[in-house]
Amino acid sequence: MRFFQRGLTEPIRQGKSRTRRWSRTRRWSGTAALALTLPLAIGLIGSSVAAAAPARTAQSGGYEEVFVDSSMGPIKVQIQWASRGGNAALYLLDGLRARNDRNAWSFETNAFDQFRDNNITLVMPVGGQSSFYSDWYSTSNLNRQPVTYKWETFLTQELPAYLDTRGVSRTNNGVLGLSMGGSAALTLAAYHRDQFKFAGSFSGYLNISAPGMREAIRVAMISAGSFNVDAMWGPPWNPAWLRNDPLVFAPELRGLSMYISAASGLPGEFDKPRRPVDFVNTGSAIGLEALALLNTRAFQVRLNTLGIPATYSFPSNGTHSWPYWGSELWKARGQILDTLNAW
C-alpha cells in the first residue's frame with residue numbers, strides 16, 4: 001500500500017471565513033522509493049513512497065487529506081474521521097463535473113459540520129470527472145485520457161483496504177452521491193452488498209435505458225471533459241449499459257437501506273438569479289432536475305413493483321444544484337446513522 005497523508009489537527013469548518021492557525025504534520029512510512037507522477041486524469045502532481053501498511057488504529061475525530069495508491073495512480077481522498085473512533089464510514093460521491101482538487105461535498109455543503117459529532121467517518125474521493133465511478137474498458141480517445149478509469153475497483157478494493165488500516169470497517173459503510181454519483185452509489189451498493197449497508201441517490205439518473213438517456217449521457221460527457229462514453233460502457237448495445245442501469249439491477253437492492261430523492265425542477269428558495277449567466281445556469285438546472293425526477297419516479301415504480309422499500313423525498317421545489325443536495329443530506333442523516341449504528 002502506498003500512501004502519503006497530510007494531517008490537520010483541527011477539522012475544516014464551513015461558514016464564514018475566520019483566521020486560523022493550522023498545525024500540519026507529514027508522516028512517511030517504510031523505505032524511500034522513486035517519486036511517482038500523479039496521472040493527469042486527476043489533475044495533480046505529487047509523489048508517493050512504498051510502505052508497509054501501518055498498524056490498524058482507530059482515528060478519533062479530525063480531518064486529513066491522504067493519497068491512496070490505485071491502478072490509476074495515487075488518488076486524493078478527503079477524510080473526516082469518526083468523532084469517537086467508530087468503524088462506520090459514509091462515502092460521498094461527486095457529480096459529473098467532479099474537480100481534481102477537492103470533492104464538492106467538502107465546500108458546496110456543510111457535510112463536515114452535519115456529521116462532525118457523530119461516530120462516522122466521511123470519505124470524499126477527489127476526481128473522476130464523467131467517470132460514473134465505473135471501471136472503464138479503455139481510455140477516452142477524444143481527450144487523450146492518459147489512464148483508464150478504474151473507479152469501482154478503487155472504491156471497493158483499494159480504498160477500503162487503506163481505510164481498514166485506519167480502523168474503518170470493510171462492511172459497515174454507506175455510499176451516497178448526486179446526479180452521476182447518485183446512480184453510481186446504487187450501482188456500487190448493488191454489486192458490493194458485503195461492503196455497503198446504505199445507499200443514497202440525490203437527483204440521480206436511475207433509468208438509463210429510457211428513450212434518449214444514452215444519447216443524453218454521451219452529450220453530457222463530451223461537455224464535461226470531452227470524454228467518450230464508448231470507452232466507459234461501450235456502444236449503446238453493450239451489456240455494460242444494463243449492468244449500470246438501476247432500473248435493471250433493482251432486484252439486487254433488496255434488503256438495502258436506501259434514501260432516494262429528486263425535486264420538481266421548479267425554482268425554490270435557493271434559486272435567486274440576478275445576472276444573465278445566473279439565469280442560464282438556473283435554466284439548465286431546471287431541465288436537469290426535471291429529467292432526474294422522471295428517472296427517479298420510474299425507479300420508484302420499479303422498486304414498488306418488486307416490493308422493495310426505500311425512503312423517498314420529492315420536494316415540490318428545487319433545481320439541480322448544491323444547496324438542495326446539502327438539505328437532502330440533512331434529511332437522510334438520521335437514516336444513515338441508524339443503519340450504520342454511528343450516532
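Here is a short chat about the aromatic side chains.

Author: Quick ground rules: this is a predicted model, where local features need pLDDT of at least 70, side-chain atom pairs count only at pLDDT 80 or more, and totals for chains, interfaces and linings use all residues. Residues are numbered from 1 along each chain as its sequence is written, and side-chain values use heavy atoms, with hydrogens and water left out.

Reader: How many aromatic pairs does the structure hold?

Author: Rings of Phe, Tyr and Trp (its six-membered ring) pair if their centres lie within 6.5 Å; planes under 30 degrees apart are stacked, over 60 edge-to-face, the rest tilted. On that basis, the number of aromatic pairs in the structure is 16.

Reader: What geometry do Trp105 and Trp322 have?

Author: Their centres are 5.1 Å apart. The planes make 85 degrees, so by the over-60 cut-off the pair is edge-to-face.

Reader: How far apart in sequence are the parts that this pair ties together?

Author: Helices are DSSP runs (H or I, at least four residues), numbered from the N terminus. Trp105 lies in helix α1 (residues 105-108) and Trp322 in helix α10 (residues 322-339), so the parts tied together are apart by 217 residues.

Reader: Is Trp322 buried or exposed?

Author: Buried means under 20% relative accessible area, exposed over 50%, partly exposed in between (1.4 Å probe, protein chains only). Trp322 has a relative accessible area of 13%, so Trp322 is buried.

Reader: Which residue lies over the face of Phe107?

Author: A charge sits over a ring if NZ of Lys or CZ of Arg is within 6 Å of the ring centre and within 35 degrees of the ring normal. Here the distance from the ring centre is 4.0 Å, and the residue is Arg102.

Conventions:
Helix = DSSP H or I, 4+ residues; strand = E, 2+ residues; numbered from the N terminus.
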